[in-house]
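Please look through the model below before reading on.

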Amino acid sequence: MATDNLLGLLERIRNDDYQAFEQLFELHWQDLFRYAYKVLRDAPEAEDLTQELFCDLWANRAGLSVHTSAQAYLVGALRKKILTRFRDADIRARHLQQFGATQEPSTELGLKRLVSHDTLAAIQVQAQVLPPKEKEVFLLGMLEDFSVKEMAERFATSEQTVRNQLNSALHKLSPFLTKILS
């Protein structure tokens with residue numbers, strides 16, 4: 001697509017034209033995904049970041065201002081997301097390493113070992129209201145002590161997707177959990 005047409009699409013998106021957004025998505029999603037995959041070598045992670053880019057683009061459309069190459073803008077925005085992900089992963093790894101160095105391995109106790117059998121049964125019953133993936137992630141993570149990495153490998157998805165599902169499940173169950181665990 002010519003640069004003028006691409007700039008025109010971005011201008012239409014800035015003016016709340018969802019059809020222009022869909023057109024931009026259809027035209028550029030695959031190329032942007034390939035770029036992210038080439039850098040990350042992780043298809044689910046590349047897909048997540050590419051989707052995030054388009055979600056952010058739509059969410060922040062009112063402030064969208066591109067005066068140079070629209071293609072360079074999209075690739076640059078994706079590159080920034082990738083670099084941020086690398087930085088966050090590095091910070092997380094350093095914190096885990098530092099935390100792990102001061103934590104006794106035997107002090108890790110899962111929810112399963114902290115609550116009574118009746119409380120555990122009530123939590124499992126309440127978890128049935130969750131969507132299937134969230135329920136499975138919640139039960140494996142909170143009750144079976146699976147790590148985020150183990151669940152991501154099991155479901156063939158990114159760790160971020162697992163974290164999102166776990167956070168969503170915890171958010172939905174938090175009133176119940178607060179009541180039953182207090």
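Y18, F21, F25, W29, F33, Y37, F54 and W58 make up one aromatic cluster. Rings of Phe, Tyr and Trp (its six-membered ring) pair if their centres lie within 6.5 Å, with planes under 30 degrees apart counted as stacked, over 60 as edge-to-face and the rest as tilted. By this rule there are eight aromatic pairs. One of them joins F21 and W58, a tilted pair with 5.2 Å centre to centre and 50° between the planes. F21 belongs to helix α2 (residues 18-40) and W58 to helix α3 (residues 43-59), so this pair ties together parts 37 residues apart in sequence. Helices here are DSSP runs (H or I, at least four residues), numbered from the N terminus.

The model is predicted: local features need pLDDT of at least 70, side-chain atom pairs count only at pLDDT 80 or more, and totals for chains, interfaces and linings use all residues. Residues are numbered from 1 along each chain as its sequence is written, and side-chain values use heavy atoms, without hydrogens and water.

F21 has 8% relative accessibility and therefore counts as buried (under 20% relative accessible area; exposed is over 50%, partly exposed in between; 1.4 Å probe, protein chains only). F25 and W29 form another tilted pair, 6.2 Å centre to centre with 40° between the planes. Both lie in helix α2, four residues apart, about one turn of the helix. F25 is partly exposed at 23%, whereas W29 is buried at 16%.

Helix α6 (residues 117-127) packs on helix α7 (residues 132-143) at about 160°, with the axes 10 Å apart.

Definitions and conventions. Axes are lines fitted to C-alpha atoms, for helices over the stretch in contact, and angles run from 0 to 180 degrees between N-to-C directions. Helices (H or I, at least four residues) and strands (E, at least two) are DSSP runs, numbered from the N terminus.
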